[in-house]
Amino acid sequence: MTPRPPTTLRSSLRFQYLFLMKWRPLGARAFRAVECGDAAALPDLIRRIAETRTADAHPRWVRDLMRRLEVMVLVPAADVLHDPGLLDRAVALSLEAVTDTPTRWESEVFDRALLADCLLQRFEKRGDRADVDEAITHQRRAAELCRAWLAAPRGHWRASLRQWWRVQWYPDEGQVWPPLNRTICFSVLLGLGDALHTRFEFLRTYDDLQRAVEASDGAEALSRTFRWAASPWAGNYKQERGSILSQLGALLTFRFELLHDPTDIIRAVSLLEDADRLTPRRARGGRSVARYRVHALTTRGLRLQSLDDFTKAEAVLRRRTPHDPAWRPQVEILTGRAAISESSDGLGEAVHILEAAVSQGGADVHEALIWLASTLRQWALHAASVADSLAGARDETGAGSSAETGAQGASWTRPDVSDTVVAAQQEAAVLWRRSSDAWRRAALLETAPAWRRLHAASRWRSQVTEPREAADASSLAVRLLPLAAWRGLDRISQEEVLQTTDFDLASGAAADQLDLHDADHALELLELGRGVLWSQTLDVRTDLQQLRQESPRLAERLTRLRVLLEESRDPAVRAERAGLRPPV
């Protein structure tokens, strides 16, 4: 006979006490082993948790709790044990929990949020877009349930207490789970914003950015309604609020970079300052807070041409990560300060940091390559401008074009210039060639997102002069256009992707092929580059007469989808509907 949870108050408290005394130490030891990186003890602890979960002698509510405990242990254990299969096992168990539990708000909210977290962790390791899409689907459903619970009317406190007890213990279904509360809703909204933020960084979709800001704004507003926040029993409230402020500040900084609204960057800097104050120094999210705040300060510093912001960013990085700072905040500070002061101070150190990051590999190797190429280009242009100044060959009107020409090495064999000028020009040529090589490597990296590869390929083409290499670069950029502006993006995002290049890729690629006397390839690239959106439109305009005869309902559904895909082709209308201004 399967034991059942007790139904009376006294026996339930005793039952809960026995459960905590018997099984909670097992979970505590597992989490302690994960935090300490104890790879020797973790397999045995995971095995014991799995045995408890699968034991038929335990009631269903115990097995469900142990399943959640096992998932929460498996996700961090995958990094400790270097076993990616543990993530697959955690996803499978979480999916089983979502499909197996009764239709209760409390269980469904937590199980879906836990499954979304597992999928996001696997996406960060493997980069499979299906994982992040599925994570957003489950996180959005959990957020809908939380919003419905927040909007529901509240009864008398006695009725609320009875409801709490009824939903905590399910004697009729063998289920136990705590009820929803504002803290759980806050965590779910925070998770939804994080999932949308992750997909935005991967695909650069405006809708994801706007929805991530809305979800994070909702979580931030909800966190201000906690009456117990200022009490001694607030627990980790300050750290959790610091997390949401950090995430919201990062999203507002991204939106400022795309839409250039000064109110976004002003609010982002303020929010991240509060997040830095609320987050403990050695907290798990301390590095993220430092990275986001440094990025916001350097962004505002470049916009206002203020060195004070870079000094603040350097102080934040030194305080948060004194021993092992991440490469990106360091490079942002060094390159931004050099750009404002119009010098090369710090660019050599930045290049050294970036080369070390590229050599280490990892998921962000493509981003490191792009930063390396940009930094080398900045350094080459400065070296060329210094050479022009020394040679007296630069005037106020032609400073930029002269510097770039000098960096490309078009002409620097002048007999009347000094050895210093020749050395500076040769240094600029070497740096320019290294920058072009870094752009080429970034464009050819197949594991990177298509929009990043397109950006790198267009930059590679703009920096090379050799005909064959120029043709290869422009050809690659044109072939990446349909991948970067794929149909899954909204129209504004598609047009933004197609407008990010420095010149008309299609006509430029055709001209490069004509220089090589390859007219057929030139015509092919010209048609491919100039008909990206038009070809997508034609793909959905096939004749449906035969389909209507075979299946009228399916034809009607396809017609509705056509309308949705082709609705509001005007970017201003789509921007207004998404709550955004069209890009300028």
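**Figure 1. Overview of the predicted protein chain.** The protein chain folds into 27 helices and 2 strands; helices (H or I, at least four residues) and strands (E, at least two) are DSSP runs numbered from the N terminus. This is a predicted model, in which local features need pLDDT of at least 70 and side-chain atom pairs count only at pLDDT 80 or more, while totals for chains, interfaces and linings use all residues. Residues are numbered from 1 along each chain as its sequence is written, and side-chain values use heavy atoms, with hydrogens and water left out. Of the 584 residues in the protein chain, 48% are buried. Buried means under 20% relative accessible area, exposed means over 50%, and partly exposed lies in between (1.4 Å probe, protein chains only). The protein chain exposes about 30,000 Å², with 53% of it supplied by carbon and sulfur atoms; accessible areas come from the Shrake-Rupley method with a 1.4 Å probe, and for residues only the protein chains shown count as cover. Among contacts in the protein chain with a separation of 6 or more, 66% are between residues 24 or more positions apart; contact means heavy atoms within 4.5 Å.

**Figure 2. Nonpolar cores and the surroundings of L42.** A nonpolar core is a set of buried Ala, Val, Leu, Ile, Met, Phe, Trp, Tyr and Cys residues joined through side-chain atoms within 4.5 Å. The largest such core has 72 residues, and L42, I49, V73, V188 and L209 have the most contacts inside it. Helix α3 (residues 60-81) gives the most to this core, with 12 residues. Not counting residues up to four places away in sequence, L42 touches A30, A33, V34, V73, A77, V80 and L81. Another core, of 43 residues, lies apart from it and includes L369, A380, L454 and A456. In soluble globular proteins, nonpolar side chains tend to be buried together.

**Figure 3. Helix α19.** Helix α19 covers residues 450-463, and its end C-alpha atoms are 20 Å apart. This agrees with the 20 Å that 14 residues should span at 1.5 Å a residue; the expected span of a helix is 1.5 Å times one less than its number of residues. In α19, 10 of the 14 residues are buried. Among them are the tryptophans W451 and W460, and the arginines R452, R453 and R461.

Figure 4. The 18 residues of helix α20 (residues 467-484) should span 26 Å, and the end C-alpha atoms are 25 Å apart, which agrees. Residues buried in α20 include A470, A473, L476, A477 and L480. E469, also in α20, is buried at a relative accessible area of 13%. The side chain of E469 makes a polar contact of 3.0 Å with the side chain of W460. A polar contact is a pair of N or O atoms within 3.5 Å; within protein, one must be able to donate a hydrogen and the other to accept it, and residues adjacent in sequence count only if both atoms are side-chain atoms. Leaving aside neighbours within four places in sequence, E469 is in contact with R433, W460 and V464.

Figure 5. S246 lies in helix α10 (residues 237-259) and is buried, with a relative accessible area of 4%. S246 and L271 are 25 residues apart in sequence, and their C-alpha atoms are 6.8 Å apart in space. Beyond four places in sequence, S246 touches L272, A275, S288, V289 and Y292. R293, in helix α12, counts as buried at 13% relative accessibility. The side chains of R293 and D276 are joined by a polar contact of 2.7 Å. R293 also touches L272, E273, V316 and R319, when residues up to four places away in sequence are not counted.

Figure 6. A search of the whole structure finds 0 disulfides, a disulfide being a pair of cysteine sulfur atoms within 2.5 Å. The cysteine sulfur closest to that of C146 is in C185, at 3.7 Å, too far for a bond. C146 is buried at 1% relative accessibility, whereas C36 is exposed at a relative accessible area of 61%.

**Figure 7. Two loop residues with positive phi.** Q305, a residue other than glycine, has a positive phi near 55° and lies in the loop between α12 (286-304) and α13 (307-320). Phi of H517, also a residue other than glycine, is positive and near 65°. H517 lies in the loop between α22 (505-515) and α23 (519-530) and is exposed, with a relative accessible area of 74%.
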